[in-house]
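Please open the structure in a viewer and keep the sequence panel beside it. The stops below are given in the order in which they may be selected.

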Amino acid sequence: SGFYRTAYSKELLALLYKPVLNKELSPVDRLGIIRDLFALSEAGVIPTTNTLEFLSAYKNEDNYTVWLEVAGGLAKLEQIFAKTKTLEKIHTLTVDLFSPTFERLGWEKTQGEAHTDTLLRSLVLSRLGRSGNKEVVTKAKYLFKEMLKGIHLDPDIRSVIYNIVAMTGSE
């Protein structure tokens with residue numbers, strides 16, 4: 001037994017695109033593919049563009065653990081490309097990638113919602129806010145002002161709101 005990373009050729013990666021997009025592969029397999037892609041691109045074994053191009057296969061993802069890996073990989077890329085024009089492209093990619101999940105989850109919990117969806121909502125709002133999604137930033141600032149007036153904020157998204165307002169707000 002051992003620990004391995006799989007470096008797929010562009011051709012093999014292209015064959016995996018639809019099974020990931022359509023969730024024909026298990027969450028563990030989808031997680032493994034994106035984890036390998038980020039790790040191998042970080043190590044310089046494969047071009048980072050291979051990873052970024054493949055990310056759109058995750059736009060219909062619904063598994064929190066897979067999203068956590070995607071978000072973590074994008075956060076590392078944001079650090080690497082901070083203060084460059086590439087950062088804007090990563091933000092655009094992030095907004096495109098996370099927006100369908102935001103549309104599905106929205107800002108508020110639904111009755112009987114799975115705990116992982118609650119966690120995923122915070123993750124999605126955080127990534128969209130960090131990437132400058134105007135709708136999310138505007139709503140976060142509004143909710144923050146409402147909180148200052150005494151309106152209760154959902155504890156599951158309170159820290160996300162604080163972070164977005166701190167990043168995008170004025171004095």
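The expected span of a helix is 1.5 Å times one less than its number of residues. Helices here are DSSP runs of H or I of at least four residues, numbered from the N terminus. This is a predicted model, in which local features need pLDDT of at least 70 and side-chain atom pairs count only at pLDDT 80 or more, while totals for chains, interfaces and linings use all residues. Residues are numbered from 1 along each chain as its sequence is written, and side-chain values use heavy atoms, with hydrogens and water left out.

**First stop: helix α8**

Select residues 155-168, which form helix α8. From its first C-alpha to its last, this helix of 14 residues reaches 20 Å, close to the 20 Å expected at 1.5 Å a residue. Next, colour Ile157, Val160, Ile161, Ile164 and Val165, the buried residues of α8. Buried means under 20% relative accessible area, exposed over 50%, and partly exposed in between, with a 1.4 Å probe and protein chains only. Viewed down the axis of α8, the buried residues fall within an arc of 130°, so they line one face of the helix; the arc is that of the directions from the helix axis to the C-beta atoms. An α-helix has 3.6 residues a turn, so residues three or four places apart point the same way. Pro155 and Ala166 are exposed and sit on the face of α8 turned away from its buried side. The cover over the buried residues of α8 includes α6 and α7.

**Second stop: Lys141**

Move to helix α7 (residues 134-148) and select Lys141 within it. Is Lys141 buried or exposed, or does it count as partly exposed? Its relative accessibility is 31%, so Lys141 counts as partly exposed. Apart from neighbours within four places in sequence, Lys141 is in contact (heavy atoms within 4.5 Å) with Val165, Thr168 and Gly169.

Display α5 (residues 85-105) together with α6 (residues 115-130); their axes come within 9 Å and cross at roughly 145°. Axes are lines fitted to C-alpha atoms, for helices over the stretch in contact, and angles run from 0 to 180 degrees between N-to-C directions. Residues making this contact include His91, Phe98 and Leu105 of α5 and Asp117, Leu120 and Arg130 of α6.

**Last stop: Asn50**

Finally, select Asn50 in helix α3 (residues 48-54). Asn50 counts as buried because its relative accessibility is 10%. Beyond neighbours within four places in sequence, Asn50 is in contact with Lys10 and Leu13.

Technical notes. Helices (H or I, at least four residues) and strands (E, at least two) are DSSP runs, numbered from the N terminus.
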